[in-house]
Amino acid sequence: MDWMEWFLDLLSAGLAVAVPAVTCAAIGYAVHQRFQKGGGTAAVVVIGDFGRSPRMQYHTASLSAVCSKVYVIAVKGRQPCEAVQRCENVDTKYMLDPKRSILSLFPARTPWVVLALAKVIDQVLSLCVLLFWTMPKVDVMLVQNPPAVPILPLAVAACALRGTHLIIDWHNLGCTILKMDGRGPVAVRLYAAIERGFGGLASSHLCVCRALRSFLESDWKVLTHSNSVVMYDHAPSFFSRVGPLGAHRLFCVPLLSPPRTAHARGDTVGGTMLLTGCKDTFPRIFTEVGEFAGHNEAVGWKPDRPAILVSATSWTIDEDVGMLLDALSQLETKLRDGTLDESAYPRHVVVFITGQGGALKEQYDLRIARLNAQCERVFVGTGYLDSFADYASLLGSADLGISLHNSSSGLDLPMKIVDMFGTSLPVLAYHFDTLDELVTKDNGETFSDSDSLLAGLEKLLCGWSVDPSDRKAATPLLEAKRSSLIANPHGSWAAEWEAKTRPIIAKVMR
């Protein structure tokens with residue numbers, strides 16, 4: 001018997017005693033609380049980093065305004081947005097840190113099935129303590145899906161025992177994400193059965209788009225029109241166009257870090273000096289001090305500044321960053337050899353790719369480093385912005401947003417595009433059917449491969465002419481799309497929440 005077999009036997013024996021004991025105690029306590037009043041309270045449950053779940057953070061801030069207390073159950077990670085931090089009636093209860101759980105005991109080469117099983121057991125124990133014991137009774141529990149396992153079965157049980165109204169906020173289908181990750185058909189079918197079966201036991205449902213609601217109603221039959229609403233994502237109010245002054249303030253602090261092998265190239269576009277935010281370098285590249293268009297603004301765009309493109313990614317399989325790098329490599333060639341008229345295009349293009357490290361980040365870091373070493377006109381910088389305000393400023397400074405999101409189900413909408421629209425930033429987005437609910441010819445363009453992405457870049461960047469005061473976008477087509485976004489704003493989170501979600505909460509708590 002090797003050490004792994006011995007360890008699994010010991011773990012199984014311990015869990016055989018611990019799980020029933022903890023579960024019985026927690027259920028008994030939960031049943032006792034069923035006869036108590038919730039007192040106008042709510043819970044928000046996120047099986048993941050709460051700080052990286054914008055929609056659930058916005059839900060929390062909105063709930064705090066109408067509830068006496070809001071409990072958040074999540075994994076500890078990034079700091080939430082300032083709107084949540086300002087809420088004095090929000091109480092966050094963190095799940096067990098995976099780095100300190102039984103998962104940390106397994107070696108790196110442990111099979112995925114073993115790790116997945118250990119992770120589920122670990123989460124079940126942590127959630128049982130929080131849902132059935134630590135957290136007082138609440139009137140409403142809002143749960144994010146995906147993931148469905150193990151939270152949906154536990155949330156259904158906790159709400160049934162405590163007499164709590166369960167709302168599932170459907171962002172996507174977890175089983176399709178599992179399939180995209182290359183998991184076996186048995187695991188995918190089992191996950192889908194749990195997601196569908198327990199999802200149908202919720203009292204109310206929120207869906208991020210019409211297509212997802214239609215699928216859940218017609219195909220899975222887990223909801224009806226009477227107990228579900230479509231609640232689109234919206235950027236919060238602090239997402240707005242900031243122009244050259246906001247860009248100057250943003251770029252004069254070290255926010256974005258370069259690839260490991262990036263090299264400095266002085267005043268030219270690219271290299272370590274640009275991406276670390278050197279106070280001498282950034283104003284020389286993007287902005288300049290002066291008086292512009294009769295205004296007393298101290299900062300304006302340089303007429304010869306680079307085009308600023310922004311893409312946000314999780315560095316996972318559902319976003320093909322390689323497609324963007326291939327298109328940028330071809331754009332570099334065309335800008336350098338004169339295929340594209342130099343008088344009609346920006347001399348340099350800077351692409352900021354933001355996002356915390358995912359499974360594929362190291363692989364793409366190497367490709368980005370090679371691309372930067374070969375290019376003179378195009379440069380790619382990567383980094384992660386801890387502050388939502390800084391991220392909003394970066395989008396509000398950019399000329400064009402790029403979305404690489406490829407929906408695993410074809411039934412969700414990228415939050416990153418919503419954020420871009422919040423800053424009146426036109427978007428070039430990877431196309432899938434549901435995207436038509438969000439991206440139109442008035443506010444963006446779509447692509448399906450690196451060639452069509454390159455064609456979109458050429459189309460949108462043609463006619464480059466910088467207005468120092470930023471009253472107009474840098475190309476006629478970008479200006480038309482920006483004007484359309486300003487004239488037809490995507491809407492506000494507050495208005496959408498008041499119209500779609502608050503009536504559900506009010507009905508439960510009256």
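Rings of Phe, Tyr and Trp pair if their centres lie within 6.5 Å, and planes over 60 degrees apart count as edge-to-face. The exercises below apply this to a predicted model.

**Exercise 1. Ring pairs**

Task: Find which rings link into a cluster with Tyr 391, and classify the pair of Phe 239 and Tyr 391.

Solution: 
- Step 1. Ring pairs link Phe 238, Phe 239 and Tyr 391 into a cluster.
- Step 2. The centres of the Phe 239 and Tyr 391 rings are 6.1 Å apart, with the planes at 75 degrees. The cut-off for edge-to-face is over 60 degrees, so this pair is edge-to-face.
- Step 3. Phe 239 lies in the loop between β7 (228–230) and α9 (243–251), while Tyr 391 is in helix α14 (residues 388–397).
- Step 4. Check accessibility. Phe 239 and Tyr 391 are both buried.

**Exercise 2. A second pair**

Task: Characterise the aromatic pair of Tyr 58 and Trp 493.

Solution: 
- Step 1. The whole structure has six aromatic pairs. One of them joins Tyr 58 and Trp 493, edge-to-face, at 5.5 Å between centres and 65 degrees between planes.
- Step 2. Tyr 58 belongs to helix α2 (residues 54–66) and Trp 493 to helix α18 (residues 493–500), 435 residues apart.
- Step 3. Buried means under 20% relative accessible area. Tyr 58 has 5%, so Tyr 58 is buried. Trp 493 has 7%, so Trp 493 is buried as well.

**Exercise 3. Charges over rings**

Task: Name the ring under the charged end of Arg 78, then the ring that Arg 305 lies over.

Solution: 
- Step 1. Arg 78 has its charged end over the ring of Phe 388, 4.5 Å from the centre.
- Step 2. Arg 305 lies over the face of Trp 301, 4.1 Å from the ring centre.

**Exercise 4. Salt bridges, buried and exposed**

Solution: 
- Step 1. Asp 169 and Arg 55 come within 2.7 Å, N to O. Asp 169 is in strand β5 and Arg 55 in helix α2, 114 residues apart. Asp 169 is buried at 0%, and Arg 55 is buried at 4%.
- Step 2. Lys 302 and Asp 304 have their closest N and O atoms 4.0 Å apart. Lys 302 is buried at 19%, but Asp 304 is exposed at 56%.
- Step 3. Lys 441 and Glu 445 meet at 2.9 Å. Lys 441 is exposed at 59%, whereas Glu 445 is buried at 7%.
- Step 4. Lys 441, Glu 445, Lys 459 and Lys 481 are linked in a salt-bridge network.

Technical notes
Residues are numbered from 1 along each chain as its sequence is written. This is a predicted model: local features need pLDDT of at least 70, side-chain atom pairs count only at pLDDT 80 or more; totals for chains, interfaces and linings use all residues. Side-chain values use heavy atoms; hydrogens and water are left out. Rings of Phe, Tyr and Trp (its six-membered ring) pair if their centres lie within 6.5 Å; planes under 30 degrees apart count as stacked, over 60 as edge-to-face and the rest as tilted. Helices (H or I, at least four residues) and strands (E, at least two) are DSSP runs, numbered from the N terminus. Buried means under 20% relative accessible area, exposed over 50%, partly exposed in between (1.4 Å probe, protein chains only). A charge sits over a ring if NZ of Lys or CZ of Arg is within 6 Å of the ring centre and within 35 degrees of the ring normal. A salt bridge is a side-chain nitrogen of Lys or Arg within 4 Å of a carboxyl oxygen of Asp or Glu.
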